[in-house]
Amino acid sequence: MKVEIDAFSGFRVYPSKGKLFVRGDSKVFRFSSSKNSSLFLQRKNPRKIAWTQVYRRMHKKGITEEVAKKRSRRTVKHQRGIVGADLATIAARRNQTAAVRNQQRISAIAKAKTEKKEKESKKAKPARAPVASGPRVSKQQMKGGKGGR
């Protein structure tokens, strides 16, 4: 038994049932009912008529049980080193306790303070030596002018 498909609705047309329409260019159309053939001859679009198979296929109706849920990819997290610290250093820092971290902070601050004091003491020592005082010369005298007489 050969089952045909309705040209308009997409339903099955069993042998000896429905209508057969042959167009002028010899193309054959089969319809399961006069309703389908009438709508076809009115040039209605089966994609816009809600009960047709074409409409249901286009709007993804009734296929939820056939198709499994689409799987989404999980993002994979990678651990990488950054500039100035490799992965081992980062892991060591992460595993430190708060007390050790606090102790390191205090020692770093103390070290910075001592370095600052040393820098300031070096700056203060080489002060400018006083310039030997001699007869004052004005700008005009340097140029060769008469100068203050």
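Okay, so before anything else: when I say salt bridge today, I mean a side-chain nitrogen of Lys or Arg within 4 Å of a carboxyl oxygen of Asp or Glu. Keep in mind that we're looking at a predicted model.

With that rule, how many salt bridges do we get? The count is three.

Let me start with glutamate 4 and arginine 30. Their side chains meet in a salt bridge, at 3.3 Å from N to O. And this pair ties together distant parts of the chain: glutamate 4 sits in strand β1, residues 4-5, while arginine 30 is in strand β4, residues 28-31, and the two are 26 residues apart.

Now, glutamate 4 has another partner. Which one? That's lysine 2, and here the closest N and O atoms are 3.7 Å apart.

Next up, how covered are these side chains? Glutamate 4 has a relative accessibility of 22%, so it counts as partly exposed. Arginine 30 is partly exposed too, because its relative accessible area is 31%. Lysine 2, on the other hand, comes out at 62%, so that one counts as exposed.

Then there's the salt bridge between aspartate 25 and arginine 23, where the closest N and O atoms lie 3.3 Å from each other. Arginine 23 is at 37% relative accessibility, so put that residue down as partly exposed. Which residues end up joined in one network through shared partners? Those are Lys2, Glu4 and Arg30.

Okay, zooming out to the whole chain. We have five helices and four strands. What order do they come in? Starting at the N terminus, you read β-β-β-β-α-α-α-α-α. So, going back to our pair, the glutamate 4 to arginine 30 bridge runs from strand β1 to strand β4.

A few whole-chain numbers for those of you who like them. The chain has 149 residues, and 9% of them count as buried.

Methods. Residues are numbered from 1 along each chain as its sequence is written. This is a predicted model: local features need pLDDT of at least 70, side-chain atom pairs count only at pLDDT 80 or more; totals for chains, interfaces and linings use all residues. Side-chain values use heavy atoms; hydrogens and water are left out. Buried means under 20% relative accessible area, exposed over 50%, partly exposed in between (1.4 Å probe, protein chains only).
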